[in-house]
Amino acid sequence: MTFTIQIENGTEVRNAEADSQRTLYPYVTGTSVVAIKYKDGVLMASDMGGSYGSTLRYKNIERMKAIGKHSLLGASGEISDFQEILRYLDELTLNDNMWDDGNSLGPKEVHNYLTRVMYNRRNKFNPLWNTLVLGGVKNGEKYLGMVSMIGVSFEDNHVATGFGNHLARPILRDEWREDLGFEEGVKLLEKCMRVLLYRDRSAINKLQIAKMTEEGVTVSEPYSLKTFWEFKAFTNPTVGAEGSW
Amino acid sequence: MFRNQYDTDVTTWSPTGRLFQVEYAMEAVKQGSAAIGLRSRSHVVLACVNKAQSELSSHQRKIFKVDDHIGVAIAGLTADGRVLSRYMRSESINHSFTYESPLSVGRLVVRLADKAQVCTQRSWKRPYGVGLLVGGLDESGAHLYYNCPSGNYFEYQAFAIGSRSQAAKTYLERRYESFQESSREDLIKDAIMAIRETLQGETLKSSLCTVSVLGVEEPFHFLDQESIQKVIDTFEKVPEEEEDAGEGEAEPEAALVAAGTGEQGGSGDQDVAPMEM
């Protein structure tokens, strides 16, 4: 895939083209996505930030999109790769609609399709740099799954990506129940998002919550969480820490 | 159908707008031994007559499992049928692998039809000489399709193809309205009776036919000879033991049948007119 050209004085020039074809690092990234199953379906939350390295550059990125009638896809990681995935899924759903034969793609099918895509890209050493969360309800069956950029794929009652794995999932493991109502579910997700807001530097205080039920899929309008910064530990963080300033 | 100067090539139209090679291919289907399919709301039954080259050889396989939820019965050039079955299995398993979900029958059938159509429009190919009865179950219910060598496909409640299929079709036409709500057992019985029509007088034995079933929570599988014989015994008149055979049967089904007429078949339907031979 790459070759070098020797120049007289011994310095080498790489063939720029071939190497730039592979994804090496992400540039504009989204942070955590958190999702849970609840009584009537699935809830998913993510903020609307797109970071450019350590700069919180874009503040209006929708990181959750509806797929067909039954599913919702949330993504963290490289935003341009997420947009590419949406294009693939667009083709898929278009083809599905064209058949017009009473069959439709459900969340399980979309999840497996994405798993195949992610895994195949990883095998070519050219991954789509995302962790995807796929949720939906079809024929009364609730579905929630995740695919990582290396093609690791699984389903669970609650999932989170990135920092969410470390900060949100412990909360969910303690407080999640099968029969959560809608308000309870939203409160639980907001609790997770608030912790992420305090502790994840790439999180911004502008989030959306998406609801998936048998009736369909909706994404809420963006809103902010109330935060409290007057905790004693925040006002004087170095109390008791010997040697800090 | 007689030979004419427009029938050498599949890519030559006749002046009356016919493609004779395609029509000849459909003739090949009519020469094969009979295959029958019927469906209810929840089940599909495929049955065929076992034809063997000679007494020494085994019979050709005419029913193939494509997937747990799809089966196909063929009539015509069995070699072509085998190749198409392999294609169907391949499509089905590829879909399952990518989407973890069974391929819907309608979509498989369209792919099959498109494949057949290609052979009617290339000068270096010939049409497949096999008709396929594709039966399957998907989200939208139970389906039975017939795929022609011409690339056409149709959905049916019940259908028969191959030699002497007209007799079976006549039987099915009479009874098809009851199939949608039929029970699994009645559906199987109707299939075997339809097979009997194609035999035109030959005694129906379980060794002469192959029957397969698929349905809701019942993956595609073949019925074993015993089960087929049991169903046959419920309606086939055995000369010496006519009444005894009927009343000896423990199954309530059989008792009902014995009460009905032997000649006309299983469900005790007194209003069915005698078959015209």
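The legends below describe close-up views of a predicted model.

Residues are numbered from 1 along each chain as its sequence is written, and chains are lettered from A in the order in which they are written. In this predicted model, local features need pLDDT of at least 70 and side-chain atom pairs count only at pLDDT 80 or more, whereas totals for chains, interfaces and linings use all residues; side-chain values use heavy atoms, with hydrogens and water left out.

**View 1. Helix 2 and helix 3 of chain B cross in a right-handed sense.**
The axes of helix 2 (residues 78-99) and helix 3 (residues 105-118) of chain B come within 11 Å and cross at roughly 135°, the helices being DSSP runs of H or I of at least four residues, numbered from the N terminus. Axes are lines fitted to C-alpha atoms, for helices over the stretch in contact, and angles run from 0 to 180 degrees between N-to-C directions. Helix 2 of chain B and helix 3 of chain B are therefore oblique to each other (under 35 degrees counts as roughly parallel, over 145 as roughly antiparallel, 65 to 115 as roughly perpendicular and the rest as oblique). Contact, meaning heavy atoms within 4.5 Å, joins B:Leu84, B:Tyr87, B:Met88, B:Glu91 and B:His95 of helix 2 of chain B to B:Leu108, B:Arg111, B:Leu112 and B:Lys115 of helix 3 of chain B.

**View 2. Helix 3 of chain A packs against helix 2 of chain B.**
Helix 3 (residues 107-123) of chain A meets helix 2 of chain B at an angle of about 90°, with the axes 6 Å apart, which makes helix 3 of chain A roughly perpendicular to helix 2 of chain B. On the chain A side the contact involves A:Lys108, A:Glu109, A:Asn112, A:Tyr113 and A:Arg116, and on the chain B side B:Phe97, B:Thr98 and B:Tyr99.

**View 3. An open sheet of 5 strands in chain B has antiparallel pairing.**
The strand order is 8-1-2-9-10, with strands taken as DSSP runs of E of at least two residues and two strands counted as paired if DSSP finds at least two bridges between them. Strand 8 (158-161) and strand 10 (218-222) of chain B are the edge strands, each pairing on one side only, and neighbouring strands of this sheet are turned by 10° against each other on average, direction ignored. Strand 2 (residues 43-49) and strand 9 (residues 209-215) of chain B pair in the antiparallel sense over 7 bridges, and B:Ala47 has B:Val211 in strand 9 of chain B as its bridge partner.

**View 4. Helix 4 of chain B lies across strand 1 and strand 8 of chain B.**
Helix 4 (residues 165-175) of chain B runs at about 170° to strand 8 of chain B, and strand 1 comprises residues 35-39.

Methods: A crossing is left-handed if the near helix is turned anticlockwise from the far one by less than a right angle, and right-handed if clockwise.
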